[in-house]
Amino acid sequence: MSALLYQVKFVDREIPASKPFIKWVGGKRRVIPDLEYGIPRNIEHYYEPFVGGGAMFFHLRSQQRILDHQITLSDINLRLIRTYKAIRDNVDGVIDRLEHHKSNHCKDYYYAVRDLQVDLYKEDVDVAAWFIYLNKTSFNGLYRVNKKNKFNAPIGSYKDPNICDEETLRCASSALQNVRIIHKFFDHMRHEAREGDFVYFDPPYVPVSVTSNFTSYTNQGFGALEQTILRDLASDLKVRNINVMLSNSDHPYVNELYQDFDIQNIKVGRAINSKGSKRGKVGEVVIT
């Protein structure tokens, strides 16, 4: 009987290869090979509390290493979470609205959409279309808000932005079926996670310099206090034999904060600076 139950546990539906449907500052799609060493072979339940573009999730999902009803994606950015829910629950509605944005796209239209009071929308599909449209047309796909939670990234210089990538959206929707998506602070799994689970933390990074602190993903910010709370949470999970991996910038503060962890250095290409000459590879750390 136990062998039969073991076999049934790992039966899952076919999922098409999927990838992030939005661009995200610090996205991990290009560095997944550098992260593989820290991913456990068997994952009971997968948690990604700073989901962002979800590169790790889509990678593991495409390989069927995480299965239906064994995944929790979360973020403190409510608009982002509503976008994920809309892609999961009504991708056709999101596609229809994105086609409308695509047919009307121009500079004036961009700023008119940017200024909409999106949080008043009752339907997640409207929030998702707003979010994805701005993500595909803003400068470098930067999601940035001020202290009033108003999106303020300028329009990007694109000749033909891919506003409605229907195939990617539909594959993402398939991957998101039977996935728990919640709007929570990053420590929500503290008492829920169990031995054999895997938690991947990809928080807003410690800025490598004062001038690089150009972006805020939420109007609450993410400072030294939050970084310390995150470190303490990771320590607590590890003590309980829960698999943990974190990403952050290669900064003396980070290295000191995680001095009791295993730290690996990697180089990552970034393209956020407005001057092309100042773009290139930057140092990051993978912490386990």
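When I say that two residues meet, I mean contact, that is, heavy atoms within 4.5 Å. In that sense, Val91, Asp92, Ile95 and Leu98 of α5 meet Glu166, Leu169, Arg170 and Ser173 of α8. Please keep in mind that this is a predicted model.

Let me stay with α5. This helix runs over residues 91–104, which is 14 residues. From first C-alpha to last it reaches 20 Å, close to the 20 Å expected at 1.5 Å a residue. How are α5 and α8 oriented to each other? Their axes are 10 Å apart and the packing angle is about 160 degrees. Angles over 145 degrees count as roughly antiparallel, and α5 and α8 are therefore roughly antiparallel to each other. The crossing of α5 past α8 is right-handed.

Which residues of α5 are buried? They are Val91, Gly93, Val94, Ile95, Leu98 and His101. Their cover includes α8 (166–176), along with α4 (78–89), α6 (107–114) and α7 (124–137).

Buried here are Gln227, Leu230, Leu233, Ala234 and Leu237. These cover an arc of only 120 degrees around the axis, so they lie on the same side of α9. That buried set packs against β4 (198–201), β5 (243–249) and α10 (252–257). On the other side of α9, Leu225 and Val239 are exposed.

One last item: Asn241, which follows α9, has a positive phi, near 60 degrees.

Technical notes: Residues numbered from 1 in each chain as written. Predicted model: local features only at pLDDT ≥ 70, side-chain atom pairs only at ≥ 80, totals over all residues. Heavy atoms only, no water. Buried < 20%, exposed > 50% of the residue type's maximum accessible area, 1.4 Å probe, protein only. Helix = DSSP H or I, 4+ residues; strand = E, 2+ residues; numbered from the N terminus. Arc of directions from axis to C-beta. Expected span 1.5 Å × (residues − 1). Axes fitted to C-alpha atoms, helices over the stretch in contact; angles between N-to-C directions. Parallel < 35°, antiparallel > 145°, perpendicular 65-115°, else oblique. Left-handed = near helix turned anticlockwise from the far one by under 90°.
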